[in-house]
Each structure stands twice: as C-alpha cells, then as structure tokens.
Amino acid sequence: MAQTRKRHPNGDTYCSACKTLRLLAFKKAEPERMARYRTTSNRRKRYGLEPVAFAELLLHQNGCCAVCQSDQWGKRGPHVDHDHVTGEIRGLLCHRCNTAIGLLQEDVAVINSVLKYLAVRQAGKAKPRKKKAERSRGE
C-alpha cells in the first residue's frame with residue numbers, strides 16, 4: 001500500500017491527500033454549513049451540549065439572553081455560560097453579557113460592588129451629558 005493510503009475501520013482504503021483535497025473543496029463550497037458544523041461540534045465537545053438540548057435551552061429563555069433579555073446575539077450567536085469549576089451550564093448569553101461576566105471574574109462581590117458604584121453615580125446625576133458635537137460648538 002502506498003504511504004498516502006490508509007485503512008478505514010470498515011476495511012476500505014483511502015488516500016489521505018485526496019481526502020484532504022475533498023475536505024478543502026467542501027469547506028470552500030459550503031462555508032455556512034461548515035460554520036454550523038463547527039459551532040455544533042464545539043458545543044458538544046466543550047459542554048456536552050447536543051443540538052436538541054441547546055434548542056430547548058434557547059426556547060426556555062424565549063430566544064433571549066438570560067441577563068439582558070436581548071435577542072441580539074452578535075456575530076457568533078448565543079454564548080454558553082457555564083461554571084468554570086463545575087462545568088455546569090447556567091444559560092445562554094449575548095456576547096456583551098458573557099464578556100462582562102468574564103471581565104468581572106464571575107465574582108458576585110465584584111459585581112455587587114459595581115452595582116453599588118453605579119447606583120451612587122446614577123443617584124447624583126443631575127442632567128444628561130452633552131454630546132461631543134455639542135461640547136465642541138460651545139452650546
């Protein structure tokens with residue numbers, strides 16, 4: 001057998017170089033299909049989340065982010081929020097909420113501190129800020 005030919009578990013042989021060329025041609029011809037496959041495969045590998053379970057979770061959240069209730073998911077679609085210690089899935093988040101939780105290190109004390117900070121600053125807000133264009137004209 002030539003070096004590029006390999007044995008498939010069912011007994012057939014195939015050329016690995018030809019298989020690679022077929023895969024590259026398929027990726028080029030079907031980019032949307034490959035993106036869906038990659039996303040589904042990543043969810044399955046990372047979180048053990050099958051497509052049916054993902055659809056049920058999305059339906060349970062009414063198609064919205066679990067935090068801000070927005071249905072604007074961003075380019076990459078819903079993010080699977082999970083506990084990094086236990087691996088337990090908490091819900092689906094939009095990109096902004098997922099990033100915010102990550103930047104706040106998933107620490108409830110830090111999040112509460114941010115809430116207190118904003119509450120104090122919001123309470124003292126007397127008038128809305130002028131837009132940049134208004135400030136530059138001196139209005």
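Ser 70 touches Gly 63, Cys 64 and Cys 65, leaving out residues up to four places away in sequence; contact means heavy atoms within 4.5 Å. Ser 70 sits in the loop between helix 3 (51-60) and strand 3. Is Ser 70 buried or exposed? Ser 70 counts as buried, because its relative accessibility is 18%; buried means under 20% relative accessible area, exposed over 50%, and partly exposed in between, with a 1.4 Å probe and protein chains only.

This is a predicted model, in which local features need pLDDT of at least 70, side-chain atom pairs count only at pLDDT 80 or more, and totals for chains, interfaces and linings use all residues. Residues are numbered from 1 along each chain as its sequence is written, and side-chain values use heavy atoms, with hydrogens and water left out.

**Overall fold**
- The chain has six helices and four strands; helices (H or I, at least four residues) and strands (E, at least two) are DSSP runs, numbered from the N terminus.
- From the N terminus, the order of elements is β-β-α-α-α-β-β-α-α-α.
- The chain has 139 residues, and 16% of them are buried.
- Of the contacts between residues at least 6 apart in sequence, 29% join residues at least 24 apart.
- The chain exposes about 11,500 Å², with 55% of it supplied by carbon and sulfur atoms; areas come from the Shrake-Rupley method with a 1.4 Å probe, and for residues only the protein chains shown count as cover.

**Largest pocket**
- The largest pocket holds about 560 Å³ of space.
- A pocket is an open set of points on a 1 Å grid over the protein atoms alone, where a 1.4 Å probe fits, with protein on both sides within 12 Å along at least five of seven lines.
- Grid points are joined across faces, edges and corners, and the volume is the space filled by probe spheres set on the points.
- The lining has 20 residues, and Arg 46, Tyr 47, Arg 76, Pro 78 and His 79 lie nearest the centre; a lining residue has an atom within 4 Å of a point.
- Helix 2 (31-47), strand 3 (79-82) and helix 4 (95-103) each supply at least two lining residues.
- Which element gives the most to the lining? Helix 2 does, with seven residues.
- The lining divides into five nonpolar, eight polar and seven charged residues. Ala, Val, Leu, Ile, Met, Phe, Trp, Tyr, Cys and Pro count as nonpolar, Asp, Glu, Lys and Arg as charged, and the others, Gly among them, as polar.

**Nonpolar core**
- The largest nonpolar core has nine residues: Leu 49, Phe 54, Cys 65, Trp 73, Val 80, Leu 92, Leu 93, Cys 94 and Cys 97.
- Such a core is a set of buried Ala, Val, Leu, Ile, Met, Phe, Trp, Tyr and Cys residues joined through side-chain atoms within 4.5 Å.
- Beyond four places in sequence, Leu 92 touches residues including Phe 54, Cys 65, Trp 73 and Val 80.

**Buried polar and charged sites**
- Asp 81 is in strand 3 and counts as buried, at 9% relative accessibility.
- Beyond four places in sequence, Asp 81 contacts Glu 88, Ile 89, Arg 90, Gly 91, Leu 93 and Asn 98.
- Ser 41 lies in helix 2 and counts as buried, at 11% relative accessibility.
- Ser 41 and Pro 51 are 10 residues apart in sequence and 9.2 Å apart in space, C-alpha to C-alpha.

**Positive phi**
- Gln 69 is not a glycine, yet has a positive phi of about 65°. Gln 69 lies in the loop between helix 3 and strand 3.
- Gln 105 has a positive phi near 60°. Gln 105 lies in the loop between helix 4 and helix 5 (108-123) and is exposed, with a relative accessible area of 63%.
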